[in-house]
Amino acid sequence: PVDVFEAWAPVNIALCKYWGKRDAALNLPVNDSLSVALPDKGTRTRVTRLQGESKDIVFLNDQPVSEADGFYQKVVAHLNLFRLDRGDRFRIDTVNNIATAAGLASSASGFAALTRATAGVQGFNLDGKALSILARVGSGSACRSVFDGFVRWHKGEAVDGMDSCAAPLSQVWPGLRLGVLTLTGAAKKVGSREGMARTVETTPLYSAWPAQAEADIAILEQAIVDRDFELLGVTAEHNAMTMHATMIASWPPLLYWEPESVAVMQKVWQLRKDGVPVYLTMDAGPNVKLLFESPVEDSIRQVFPDVEVVKLFP
Ligand code: DP6
């Protein structure tokens, strides 16, 4: 064990989504998912061992987080997985270099970084699989943020979740780009945790989801091996739209789209009609992420001047 340990983890965007749990306490998913990491966007977390304190202390982006805050409680619950001694107390300093408003899930990078940093401070020498399993217990998609590049989360079969973890794919795709469009004026919506439960419980459409996700992930892996951008884009966009269809068909309905989200979708579809290969994906929020390759970056910027373009591989 050491007194201080710092770690970093990237945000990830799913091309085949994690949507639906078979175990809510352990964040065990119904289906495999596949994501790509955003290299320079994510969370840096420092864990400092405290002496003589009765409570953990949590800072988020340099601001103290109150014990009444749900975020504080999630962090403390995660730390409980790592305490060697009942009296172990820690100070957590976690900094996201992505605006929360960008709708890039910071809980994934946050729990992955917290897992790495806490394991480090406790002197646990864990491999990627063990880190991924622990990160998953904090937030499902965090298990994918333990790795860089393309990452597949294998849902696993075990009831204790010990085979439900992510693993990186070996392929890189230097020309691949992700465009982040941050929409304003969006109301706060239902979180993933509650949204997934509602979808699984209330829509008969959900029964079609696991098979589509399984088929999509096989196609995505092949598209990545072949660097077949159109196949990647079509599959990722169709997967996201299918997930949203299950959300919309839930009761009460879960509609994460804002009018601006739909306007962006229509622009993307018009661009495709005009011959520009660009596809979109969306998560449990109103922001739209674009997928394209480097040669069309200028065309994308003309239509979306505010787009933040992320190069995904060196
Ligand atoms: C729509 O990982 O945030 O972004 O496991 O309850 O913490 P919990 O959910 P979370 O869900 C992410 C859902 C998604 C799709 C995805 O990233 O795969």
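Predicted model: local features only at pLDDT ≥ 70, side-chain atom pairs only at ≥ 80, totals over all residues.
1. Helices here are DSSP runs of H or I with at least four residues, and strands are runs of E with at least two, both numbered from the N terminus.

2. Q122 counts as partly exposed because it has 19 C-beta neighbours inside 10 Å, whereas a buried residue needs 20 or more. Leaving aside residues up to four places away in sequence, Q122 touches P1, F82 and L84. The C-alpha atoms of Q122 and F5 are separated by 8.9 Å, although the two residues are 117 apart along the chain.

3. Turning to the chain as a whole, its secondary structure comes to 8 helices and 13 strands. Its radius of gyration is 19 Å, which agrees with the value near 20 Å that a compact globule of 314 residues would have, and the C-alpha trace spans about 65 × 40 × 40 Å along its principal axes. Of the contacts between residues at least 6 apart in sequence, 70% join residues at least 24 apart.

4. Buried residues account for 45% of the 314 in the chain. The largest nonpolar core contains 81 residues, and L220 and L290 have the most contacts inside it. The residues touched by L290, not counting those up to four places away in sequence, include L178, V268, I300 and V307.

5. The ligand is surrounded by 16 residues, of which the closest are A14, Y18, S139, G140 and S141. Helix 2 (106-121) and helix 4 (192-202) are the elements that give two or more residues to this shell, whose classes are 6 nonpolar, 7 polar and 3 charged residues.

Terms used
Residues numbered from 1 in each chain as written. Near = placed C-beta within 6 Å. Nonpolar A, V, L, I, M, F, W, Y, C, P; charged D, E, K, R; others polar. Core = buried A, V, L, I, M, F, W, Y, C linked by C-beta atoms within 7 Å. Buried ≥ 20, exposed ≤ 12 C-beta atoms within 10 Å, placed from the backbone. Contact = placed C-beta atoms within 7 Å. Rg over C-alpha atoms; globule rule 2.2 N^0.38 Å.
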